[in-house]
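Please examine the sequence and the structure shown here. The paragraphs that follow lead through the packing of the helices and the contacts between them.

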Amino acid sequence: AKKIAETITFVQLQEMFNNAKENITDWTVTSAVNKQMSKGTAWNILFVSLKPETMTHPMAIKNMIWEFGDHLPEQLKIKKQTKVSRHVDVTHQEPNF
(Lines give C-alpha, C1' and ligand atoms only; values in the text may rest on other atoms or scores of the structure.)
Protein backbone atom coordinates (compact mmCIF):
# COMPACT_ATOMS: atom_id res chain seq x y z
CA ALA A 1 0.00 0.00 0.00
CA LYS A 2 2.84 2.37 0.82
CA LYS A 3 4.47 1.99 -2.62
CA ILE A 4 1.18 2.47 -4.44
CA ALA A 5 0.32 5.49 -2.25
CA GLU A 6 3.44 7.26 -3.49
CA THR A 7 2.31 7.23 -7.13
CA ILE A 8 -1.49 6.89 -7.21
CA THR A 9 -3.57 9.73 -8.65
CA PHE A 10 -6.83 11.16 -7.38
CA VAL A 11 -8.70 9.73 -10.38
CA GLN A 12 -7.28 6.25 -9.68
CA LEU A 13 -8.38 6.50 -6.03
CA GLN A 14 -11.88 7.46 -7.19
CA GLU A 15 -11.91 4.45 -9.51
CA MET A 16 -10.85 2.20 -6.62
CA PHE A 17 -13.70 3.49 -4.45
CA ASN A 18 -16.21 3.09 -7.31
CA ASN A 19 -15.07 -0.50 -7.86
CA ALA A 20 -15.34 -1.20 -4.12
CA LYS A 21 -18.86 0.26 -3.98
CA GLU A 22 -19.96 -1.98 -6.86
CA ASN A 23 -18.19 -5.17 -5.76
CA ILE A 24 -18.40 -5.34 -1.97
CA THR A 25 -21.51 -7.22 -0.90
CA ASP A 26 -20.88 -7.69 2.83
CA TRP A 27 -20.04 -4.39 4.49
CA THR A 28 -20.09 -5.97 7.97
CA VAL A 29 -16.73 -7.69 7.42
CA THR A 30 -13.97 -6.54 9.76
CA SER A 31 -11.89 -3.66 8.45
CA ALA A 32 -8.28 -4.28 7.43
CA VAL A 33 -7.21 -0.89 8.81
CA ASN A 34 -8.89 -1.14 12.20
CA LYS A 35 -10.10 -4.48 13.57
CA GLN A 36 -12.63 -2.76 15.82
CA MET A 37 -14.78 -1.50 12.95
CA SER A 38 -16.48 -2.89 9.87
CA LYS A 39 -15.67 -2.20 6.23
CA GLY A 40 -18.80 -0.04 6.13
CA THR A 41 -17.51 2.15 8.94
CA ALA A 42 -14.10 2.38 7.25
CA TRP A 43 -15.87 3.43 4.04
CA ASN A 44 -17.73 6.20 5.87
CA ILE A 45 -14.52 7.55 7.35
CA LEU A 46 -12.21 7.17 4.36
CA PHE A 47 -14.59 8.06 1.51
CA VAL A 48 -15.58 11.32 3.19
CA SER A 49 -11.93 12.36 3.26
CA LEU A 50 -11.43 11.61 -0.47
CA LYS A 51 -10.70 15.09 -1.78
CA PRO A 52 -7.90 16.37 -4.02
CA GLU A 53 -6.31 18.05 -1.01
CA THR A 54 -6.12 14.64 0.72
CA MET A 55 -3.44 13.71 -1.79
CA THR A 56 -0.96 15.57 0.43
CA HIS A 57 -1.60 13.16 3.33
CA PRO A 58 0.25 9.90 2.58
CA MET A 59 -1.15 8.15 5.67
CA ALA A 60 -4.75 8.73 4.54
CA ILE A 61 -3.98 7.44 1.06
CA LYS A 62 -2.16 4.40 2.47
CA ASN A 63 -5.14 3.56 4.68
CA MET A 64 -7.54 3.90 1.72
CA ILE A 65 -5.40 1.51 -0.31
CA TRP A 66 -4.90 -0.84 2.61
CA GLU A 67 -8.66 -1.09 3.13
CA PHE A 68 -9.92 -1.12 -0.46
CA GLY A 69 -6.79 -2.00 -2.46
CA ASP A 70 -8.38 -5.23 -3.72
CA HIS A 71 -10.50 -2.95 -5.89
CA LEU A 72 -7.65 -0.99 -7.48
CA PRO A 73 -7.49 -0.80 -11.26
CA GLU A 74 -5.56 -3.83 -12.52
CA GLN A 75 -2.57 -1.82 -13.76
CA LEU A 76 -1.91 -0.56 -10.21
CA LYS A 77 -2.10 -3.85 -8.37
CA ILE A 78 1.25 -5.18 -7.31
CA LYS A 79 1.63 -8.79 -8.28
CA LYS A 80 2.19 -10.87 -5.18
CA GLN A 81 5.29 -12.97 -5.42
CA THR A 82 4.40 -16.58 -4.95
CA LYS A 83 6.76 -18.57 -2.85
CA VAL A 84 7.86 -21.85 -4.27
CA SER A 85 7.16 -24.36 -1.59
CA ARG A 86 9.76 -27.02 -1.33
CA HIS A 87 8.84 -30.49 -0.31
CA VAL A 88 10.36 -31.33 3.03
CA ASP A 89 10.50 -34.90 4.25
CA VAL A 90 9.30 -35.05 7.83
CA THR A 91 10.85 -37.55 10.17
CA HIS A 92 8.35 -38.92 12.63
CA GLN A 93 8.70 -41.24 15.57
CA GLU A 94 5.99 -42.34 17.92
CA PRO A 95 6.66 -41.00 21.40
CA ASN A 96 8.16 -43.42 23.90
CA PHE A 97 6.07 -43.31 27.05
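**Helix packing and contacts**

H2 passes H3 in a left-handed crossing; a crossing counts as left-handed if the near helix is turned anticlockwise from the far one by less than a right angle, and as right-handed if clockwise. Helices (H or I, at least four residues) are DSSP runs, as are strands (E, at least two), and they are numbered from the N terminus. The model is a predicted one, in which local features need pLDDT of at least 70 and side-chain atom pairs count only at pLDDT 80 or more, while totals for chains, interfaces and linings use all residues. Residues are numbered from 1 along each chain as its sequence is written, and side-chain values use heavy atoms, with hydrogens and water left out.

The axes of H2 and H3 come within 12 Å and cross at roughly 155°; axes are lines fitted to C-alpha atoms, for helices over the stretch in contact, and angles run from 0 to 180 degrees between N-to-C directions. H2 is therefore roughly antiparallel to H3, given that angles under 35 degrees count as roughly parallel, over 145 as roughly antiparallel, 65 to 115 as roughly perpendicular and the rest as oblique. In this pair, Phe17, Ala20 and Lys21 of H2 meet Trp43, Leu46 and Phe47 of H3, contact meaning heavy atoms within 4.5 Å. The residues of this contact of H2 with H3 comprise five nonpolar, no polar and one charged. Here Ala, Val, Leu, Ile, Met, Phe, Trp, Tyr, Cys and Pro count as nonpolar, Asp, Glu, Lys and Arg as charged, and the others, Gly among them, as polar.

Helix H2 (residues 10–23) also packs with helix H4 (residues 58–68), at an angle of about 30° and with the axes 11 Å apart. H2 is therefore roughly parallel to H4. The crossing of H2 and H4 is left-handed. On the H2 side, Leu13, Met16, Phe17 and Ala20 meet Ile61, Met64, Ile65 and Phe68 of H4. The contact of H2 with H4 has eight nonpolar residues, no polar and no charged.

For H3 and H4, the axes come within 11 Å and cross at roughly 150°. H3 is therefore roughly antiparallel to H4. This crossing of H3 and H4 is left-handed. Lys39, Ala42, Trp43 and Leu46 of H3 make the contact with Asn63, Met64, Glu67 and Phe68 of H4. Its residues divide into five nonpolar, one polar and two charged.

Which side chains meet in a salt bridge? Those of Glu67 and Lys39 do, at 2.7 Å, N to O; a salt bridge is a side-chain nitrogen of Lys or Arg within 4 Å of a carboxyl oxygen of Asp or Glu. The pair links distant parts of the chain, with Glu67 in helix H4 and Lys39 in helix H3 (residues 39–48), 28 residues apart. The structure holds one salt bridge. Both Glu67 and Lys39 are buried, where buried means under 20% relative accessible area, exposed over 50% and partly exposed in between (1.4 Å probe, protein chains only).

The buried residues of H4 are Ile61, Asn63, Met64, Ile65, Glu67 and Phe68, and they pack against helix H1 (2–7), H2 and H3. Met64 has a relative accessible area of 0%.

Met37 is found in the loop between H2 and H3. Not counting residues up to four places away in sequence, Met37 touches Val29, Thr30, Ser31, Ala42 and Ile45.
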